[in-house]
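Please brief me on this structure in plain terms.

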Amino acid sequence: MSARIPLVLLACGSFNPITNQHMRLFELARDHLHQTGQFQVVGGIVSPVSDGYGKQGLVLAKHRIAMARLALQSSDWVSVDDWESQQPDWTETVVTMRYHYGRILKQYQEGTGKDSGPTTNSHHLTSSSPRLKLLCGADFLDTFKVPGLWLDDHVEEVAGLFGLVCVSRGGLEPERAVHESETLSRHWRNIILVREWVRNETSATEIRRALRRGLSVKYLLPDSVIKYIHQHNLYTGDSELKNKDVLLRPLTKQTEMPVKTLDD
């Protein structure tokens, strides 16, 4: 029997706030990947987006990082990384993946004395070299269809070189999103779909709405996170108005990028 491929799962997003459902994604994905007999999940990373993302109601990164760390205190394999959140501007997902994969390979090389080559998930890597895949919910695949949100070469790199582990929930159909995308369908073997049979429709948006209205969110968030939210008076009517009329930074940043010529 061939050795399993070591794999790290990376989840990027607002985590505004982190919920029990966010953390369940990691557990569901790890169980599924282990059942395939192909992978050994060796770590998980939660990477909250920077304040420059421009999403309405996004509280400061320092709070989102603190809440995520509180929520994951009991995990022995998922950690919170603040590199992306500390960047002065919004960072493309593929750039965040490159950063983390470079760091993962460096640690692997230092630990084994082996050189895995360039920092990509390319096919020349040995079976013992660690891989990195993007962990997401089924709704994430639909973002690839939003005009101006993704650059084509970034989708190609995320799906083709790294790969995705997508956990479906509710009535969402990730298979359809893959089918309707030329890039995703071309790399379907590198997109692992995980079905969540225990329905959990927890939404950070609905949690923020409940908090603004003074309603209980107990059992939707860890108690430590709820305590932090109340201590710092987060998710109020005023905080939800932040970035209200601001266009998401991905949409403005992509238009600022120069168009490549044939000589580039």
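The points below are grouped by topic.

This is a predicted model, in which local features need pLDDT of at least 70 and side-chain atom pairs count only at pLDDT 80 or more, while totals for chains, interfaces and linings use all residues. Residues are numbered from 1 along each chain as its sequence is written, and side-chain values use heavy atoms, with hydrogens and water left out.

**Confidence**

- The average pLDDT (the predictor's confidence in each residue, from 0 to 100) is 89 for the chain, and 89% of the residues score at least 70.
- Residues 259–264 have a pLDDT below 50. Beyond near neighbours in sequence, this stretch has two contacts (heavy atoms within 4.5 Å) in the model.

**Salt bridges**

- There are 16 salt bridges, each being a side-chain nitrogen of Lys or Arg within 4 Å of a carboxyl oxygen of Asp or Glu.
- Arg103 and Asp81 form a salt bridge, with their closest N and O atoms 3.9 Å apart. Arg103 lies in helix H3 (residues 93–112) and Asp81 in the loop between strand E3 (78–80) and H3, so this pair ties together parts that are 22 residues apart in sequence. Helices (H or I, at least four residues) and strands (E, at least two) are DSSP runs, numbered from the N terminus.
- Asp81 is buried at 15% relative accessibility, whereas Arg103 is partly exposed at 27%. Buried means under 20% relative accessible area, exposed over 50%, and partly exposed in between (1.4 Å probe, protein chains only).
- Glu240 forms a salt bridge with Arg208, at 3.3 Å between the closest N and O atoms. Glu240 is in helix H10 (residues 237–240) and Arg208 in helix H8 (residues 204–212), 32 residues apart.
- Glu240 also meets Arg212 in a salt bridge (3.2 Å, N to O). Arg212 is in helix H8, and the two residues are 28 residues apart.
- Glu240 is buried at 13% relative accessibility, and Arg208 is buried too. Arg212 is partly exposed at 31%.
- A network of salt bridges links Asp89, Glu92, Arg249 and Lys253.

**Backbone**

- Most residues other than glycine have a negative phi, and most peptide bonds are trans.
- The peptide bond between Asn16 and Pro17 is cis, with omega about 0°. Pro17 sits in the loop between strand E1 (5–13) and helix H1 (20–36).
- Phe15, in the loop between E1 and H1, has a positive phi near 50°. Phe15 is buried, with a relative accessible area of 7%.
- Tyr219 has a positive phi of about 80°. Tyr219 lies in the loop between H8 and helix H9 (223–231) and is exposed at 69% relative accessibility.
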